[in-house]
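Subject: Structure for your review

Dear colleague,

Please find below the structure that I am handing over to you. My findings follow directly after it.

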Amino acid sequence: MPVFGVSNTGEPGIAATHNLIPLPRYGEGDSGHGTLEAVEQWALCAPALGARGRVRLSRDGGRNYPAHLERELTVRLPASPAAVYVYDARGETRLLAADFDISRAARHGAQDPYAAVAADAADFAALMHACGGRGFGDISPNGGRHGYVLWAEPLPYQEMRQIALALARRYRTLDPQPMLGVTNGIIRPPGSWHRSRGHQKLTTPLHHVRQVLADPCGPDVWSALIDALMPELEAIEAEQQTPASMAAAVWQMDEQHDLWLPRASGPVPRLSPRLEEIAASGQFDRRDYMSPSEARQAIVAGAVACGWQLADVSARLASGDWPGLAAFYDRYKDDRTRAERLRADWRNAITWIAGRESGRDVHTRGRTHSGGSKVELEGLRLTVEPPPAGTDAGTERQQILRWNSAMRAAERYRWTGPRAITIRRVLRALLKAAQLRNCTVTAFGVRNLALLAGLDESTVAKTLKLLREEPDPFIDLIQAHHGERADTYRLVIPHGYGEAAAWRRWQRGKLGGIHPVFRVLGGTAALVWEQLDSEPARTSDLHTLVGISPTALSTALTTLAEHGLAERHRGGWVRGPADPLHVAEQLGVPELVADIMARYRRQRAEWHAFLAVVEAFVPEFEPPEHPISLQEIADAGPPPWMDAEPHGPPQPVPG
């Protein structure tokens, strides 16, 4: 009688010599047809879900999957519980695995843990369907469930990790651990043996699973998922941004454990007339706030500064006194998520007020007579010109985000060698310049960019030249410097990274720029610190995420730890309690930056004097054509720094 089994393509049938996969016997009583289904499901799903072509086995019934039991991943079902890797060697994945756990449901007090797990898994499937995507699921013998969503392009660890944490915040039975380890994140796929001596069994028909594997989700689904999880993502970010200064005695806590800032006794002061008008009408000047979110945050920050409590703002919204502010929260689906978003806005406002009142420099803007904006950014004083007339702010903002997505996808692989860290710092400075102007076209000048990158201006100038001369570059020089105008660049998405740009990125806080403290601590430490937050990150994970050598990583972590900017916990590295601005003060960075700014002002004065001499020769002078002889220019005596640096200086705000 011919042997019946599963072929290497995952199809059941008569087994030939070249395609036989023997039926394993891990558990008694679960063989025959049940095991045959498991073999078929493993052969179909495991190779498609596994990220590295490797599988980890368990010899203790599925409790541990040690690295030394790693094997090649094939269509053959292992004879013991097995798990596949979620992330590849570059720290990217095409899989979002949602692990709904029975024990987690019990710990959270569910009266019926099995029903709680089933309900959360069903709601997750509905969420993905609402976002335009689809996936499939399985169930373990003990009632736990997995949901699997495949993506058309690899997504980076940091973004997927944030999504997993947001899902865990929404679903109390979801265990995010499989998505939190870039080197050790694993999950048992359908068909795998379970420690209860049964198998992970698909709850989705095989024909639907094949459709999902053949047609994974695209960038539109990913973007919709980020929007759907925005309340959870923003709440996570708010919790990770609590400064040490908030613990000061001036802050008090209300009955709901929300901080507030007591003021002098008497009635609660009113907000400014402008904020009251915005709260009532929902109308605001785009020159003051670039989006409804910024206007909304300004109202909440005003309430914090005036000594309100969160309950006071909630009462105004509930009474209908502030329909404009209420409209800013309409994007959130229900009262619970709107309340969570308001609380997150409240915490963000406290962070900002705490920083301002403790003497920290914070993000501030004010109109100048010249039409530009004065910006104080972490101790740096800059002038930002408004975007050109007719620029669509929403379109520009989306294009900046797309450029950031493409740049992040490229930076660890496109730029290598000794210049790589410098290039990545300059790219972040360009990104911050574009964000400050809210426009992909920037004329920031190498000295303003040098301040944002924490580098010497001549280094920035050389790096910009290197970047614009690359094949398929990320920046385009659209107008050379002339007179007082700096070089004008446009952020462009290279053709080779168009697909990567379509995948929206979620990042904490403001994008771009390098904190001034890393002018002293170094660019490698800046890139490592950028990856740290309140969730522990393993050293091996950081090596993959940052894309630097183990030696450089160890040195950077040691430097950060010495200044309280990083701490090593049991599960890995987290951001330390130290405020980078305070560390900068201890290292003398403000004085260093002040000296640099003073030098820039002197250079600007010299440049103005040089231009005045040139214009005296030819009143109709139109740089950069230079219609006078080179000898006359030489006689006029250009400032010495122009020999080494051809770019005009920036426009810092006088101190």
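In this predicted model, Ile475 stands opposite Leu491, a residue of strand E19. Strand E19 covers residues 488-491 and is joined to E18 by four bridges, the two strands running antiparallel. Helix H16 (residues 457-468) packs on the sheet and touches both E18 and E19. The direction of H16 makes about 105° with that of E18.

These strands belong to an open sheet of three, in the order E17-E19-E18, with antiparallel pairing. Strand E17 (441-442) and strand E18 (475-479) stand at the edges; each has a single partner strand, so one side of each is left without a neighbour in the sheet.

A second sheet

Another open sheet has five strands, ordered E9-E6-E8-E7-E11, and its pairing is antiparallel. Which strands stand at its edges? They are E9 (174-175) and E11 (201-202), and because each has a single partner strand, one side of each lacks a neighbour in the sheet. Strand E6 (residues 92-100) pairs with E9 over two bridges in the antiparallel sense. Within that pairing, Asp99 stands opposite Asp175 of E9.

Helix H3 (residues 113-130) packs on this sheet, where it touches E6 and strand E8 (145-156). The direction of H3 makes about 30° with that of E8. Helix H5 (residues 206-214) lies across strand E7 (136-139), E8 and E11, and runs at about 130° to E7.

Salt bridges

Side chains of opposite charge can pair when their charged atoms come close. A search of the whole structure finds 18 salt bridges. I describe some of them here.

Asp345 deserves a careful look. Asp345 lies in helix H12, which spans residues 335-357. Is Asp345 buried or exposed? Its relative accessibility is 1%, and the limit for a buried residue is under 20%, so Asp345 counts as buried. Leaving aside residues up to four places away in sequence, Asp345 touches Arg296, Gln297, Val300 and Tyr329.

With one of these residues, Arg296, the side chain of Asp345 meets in a salt bridge (2.8 Å, N to O). Asp345 is in helix H12 and Arg296 in helix H9 (residues 292-305), so the pair ties together parts that are 49 residues apart in sequence. Arg296 also counts as buried, at 3% relative accessibility.

The side chain of Asp345 meets that of Arg341 in a salt bridge as well (2.4 Å, N to O). Arg341 and Asp345 are four residues apart in helix H12, so about one helical turn separates them. An α-helix has 3.6 residues a turn, so residues three or four places apart point the same way. Both Arg341 and Asp345 are buried.

Salt bridges that share partners also form one network, which joins Arg408, Glu411, Arg424, Arg428 and Glu530.

A further salt bridge is formed by the side chains of Glu92 and Arg90 (3.0 Å, N to O). Glu92 is buried, with a relative accessible area of 9%, whereas Arg90 is partly exposed, with a relative accessible area of 39%.

Helix H14

Helix H14 (residues 420-437) has 18 residues. From its first C-alpha to its last, H14 reaches 26 Å, close to the 26 Å expected at 1.5 Å a residue. How many residues of H14 are buried? The count is 16 of its 18 residues, and H14 is therefore mostly covered. Just after H14, Asn438 takes a positive phi of about 55°.

The chain as a whole

The chain has 25 helices and 21 strands. Of its 655 residues, 51% are buried. The chain exposes about 29500 Å², and carbon and sulfur atoms supply 52% of that area. Among contacts between residues at least 6 apart in sequence, 71% join residues at least 24 apart.

Yours sincerely

Methods: Residues numbered from 1 in each chain as written. Predicted model: local features only at pLDDT ≥ 70, side-chain atom pairs only at ≥ 80, totals over all residues. Heavy atoms only, no water. Buried < 20%, exposed > 50% of the residue type's maximum accessible area, 1.4 Å probe, protein only. Contact = heavy atoms within 4.5 Å. Areas by Shrake-Rupley, 256 points an atom, 1.4 Å probe, with all protein chains shown as cover. Pairing = 2+ DSSP bridges. Axes fitted to C-alpha atoms, helices over the stretch in contact; angles between N-to-C directions. Salt bridge = Lys/Arg side-chain N within 4 Å of Asp/Glu carboxyl O. Expected span 1.5 Å × (residues − 1).
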